[in-house]
Amino acid sequence: MAAVWALGINHTTAPLDLRGRFAFAVDQMAPTLHGLRESFGTQRHPDVEAAIISTCNRTEIYCAGDQQALDHTLGWLAQTGGVNPSVLRSHAYLLQHDEVARHAFRVASGLDSMVLGEAQILGQMKDAVRAAESAGALGTTLNQLFQRSFAVAKEVRSSTEIGAHSISMAAAAVRLAGQLFEDLSKIRILFVGAGEMIELAATHFAARNPKAIAIANRTLERGEKLAGRFGGEVMRLADLPNRLHEFDAVISCTASTLPLIGLGAVERALKQRRHRPMFMVDLAVPRDIEPEVKALEDVYLYTVDDLATVVQTGQANRQAAVAQAEAIIDAGVQSFLHWMDQRGTVPLIRQLNSQAEAWREAELARARKLLARGEDVEAVLQAMAKGLTQKMLHGAMAELHTGDAPSRERASQAIQHFFLRKDR
């Protein structure tokens, strides 16, 4: 049977800065997967399947192959992030066999998220699967694992209230901003980036009718499209340092590998604002805003991890829904394991069918020759039936007539089980 294994770090096991070292950009996923698969070598681990999920809250590697290779996979990830393997191991979870399916199903269903029941992770998992597929890294086993995880997630969402009370990161940011500013309709908000998370945040803040909205993005076209939805303006990232002081709130989430908003830029903005407070939310991993900014007076900086306590309020109300979801996941895991077990017999079934086909062809060819020579049809049919029967029973008969007593006993039990059962 094929082996499946997975490892990862998430918001509960690793600090933000460590997670930032293992954030893989979407456009780098194909070469990254290629590098991972190449690292296994073709002799010891031929055709290893692989997929990588990388979000602001987690980085996870899922693999399938002939032999489990968790240690190698951990070593590769540690090297990629420039971290000692023992350090990564202390923050990672290593999973194999049924643990992999259970974890994947829980992640897809939103049970392993910072925001319990959030739906965004399902889309991120589907994107990761598409990336693995287009990179040629996805095979039958992982494809089956992920397709089943999507089906389980759909059932959890449709038959439980797991997401009914969830507070999104965007809603949490609005709540925190409301604690700092008395009236959100009087503030100017800058959104840095134009991806899904920023779109979600802008939607929540726009509902409070702020005084002004601006979108700063690397590509103006994407920024203009989003700004147009909310009646805001668009600016280039290069203009950020000079215009930062204009905004009371800054929400940032880009795929940049380096911080876009530095300590110096924020210090200058505060001077120009005459130290009126600034509310900043950094939803990016790696960070968009230098962590030193948090130490400045008059700046209230929150990261994805800081929002954890806000989004988990009301969790007690969802315990019943979680129990329901776990039951659905349990059933899904058992179904996947059954499929895996069945796959182990596929090569044997193919061999058996191939052997039976060879016997059939041999007897048919012999029968055709006899018929061509004018032999009696009934006699030819009888000979063909006898020939097939002898071929089928030859192995069993040989086992009964040869070998030691234990071997004959095993053969006897097998023959009774396969050929002499009365309930057929």
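**Group meeting: loops, strands and helices**

Asp298 is partly exposed, because its relative accessible area is 26%. Buried means under 20% relative accessible area, exposed over 50%, and partly exposed in between, with a 1.4 Å probe and protein chains only. Asp298 lies in the loop between strand 9 and strand 10. Its phi is near 70°, a positive value in a residue other than glycine.

A word on the source. This is a predicted model, in which local features need pLDDT of at least 70 and side-chain atom pairs count only at pLDDT 80 or more, while totals for chains, interfaces and linings use all residues. Residues are numbered from 1 along each chain as its sequence is written, and side-chain values use heavy atoms, with hydrogens and water left out. Helices (H or I, at least four residues) and strands (E, at least two) are DSSP runs, numbered from the N terminus.

His275 also has a positive phi, about 65°, although it is not a glycine. His275 sits in the loop between helix 12 (263–272) and strand 9. With a relative accessible area of 45%, His275 is partly exposed. Back in the loop between strand 9 (278–282) and strand 10 we find Pro286. The peptide bond leading from Val285 to Pro286 is cis, with omega near 0°.

Next, strand 1. How many residues of strand 1 (residues 3–10) are buried? The count is 8 of the 8, so strand 1 is largely enclosed by the rest of the structure. In a regular strand the side chains alternate between the two faces of the sheet. Here Ala3, Trp5, Leu7 and Ile9 point one way, Val4, Ala6, Gly8 and Asn10 point the other way, and all are buried.

Two strands pair if DSSP finds at least two bridges between them. Strand 1 is joined by 8 bridges to strand 3 (residues 58–65), and the two run antiparallel. There, Asn10 has Arg58 of strand 3 as its bridge partner. Strand 1 also has 4 bridges to strand 4 (residues 93–96), again antiparallel. Ala6 stands opposite Leu95 in strand 4.

Which order do the strands of the open sheet of 6 strands have? The order is 7-6-5-8-9-10, with parallel pairing. Its edge strands, strand 7 (233–236) and strand 10 (299–303), each pair on one side only. Inside the sheet, 5 bridges join strand 5 (residues 188–192) to strand 6 (residues 212–217) in parallel. Val192 has Ala216 in strand 6 as its bridge partner.

On to a pair of helices. Helix 5 (residues 98–108) and helix 6 (residues 120–134) pack at about 125°, with axes 8 Å apart. Axes are lines fitted to C-alpha atoms, for helices over the stretch in contact, and angles run from 0 to 180 degrees between N-to-C directions. Helix 5 and helix 6 are therefore oblique to each other; under 35 degrees counts as roughly parallel, over 145 as roughly antiparallel, 65 to 115 as roughly perpendicular and the rest as oblique. In contact (heavy atoms within 4.5 Å), Ala104, Val107 and Ala108 of helix 5 meet Ile121, Leu122 and Met125 of helix 6.

Last, the cysteines. A search of the whole structure finds 0 disulfides, a disulfide being a pair of cysteine sulfur atoms within 2.5 Å. Cys253 is buried, at 18% relative accessible area. Cys63 counts as buried too, because its relative accessibility is 0%.
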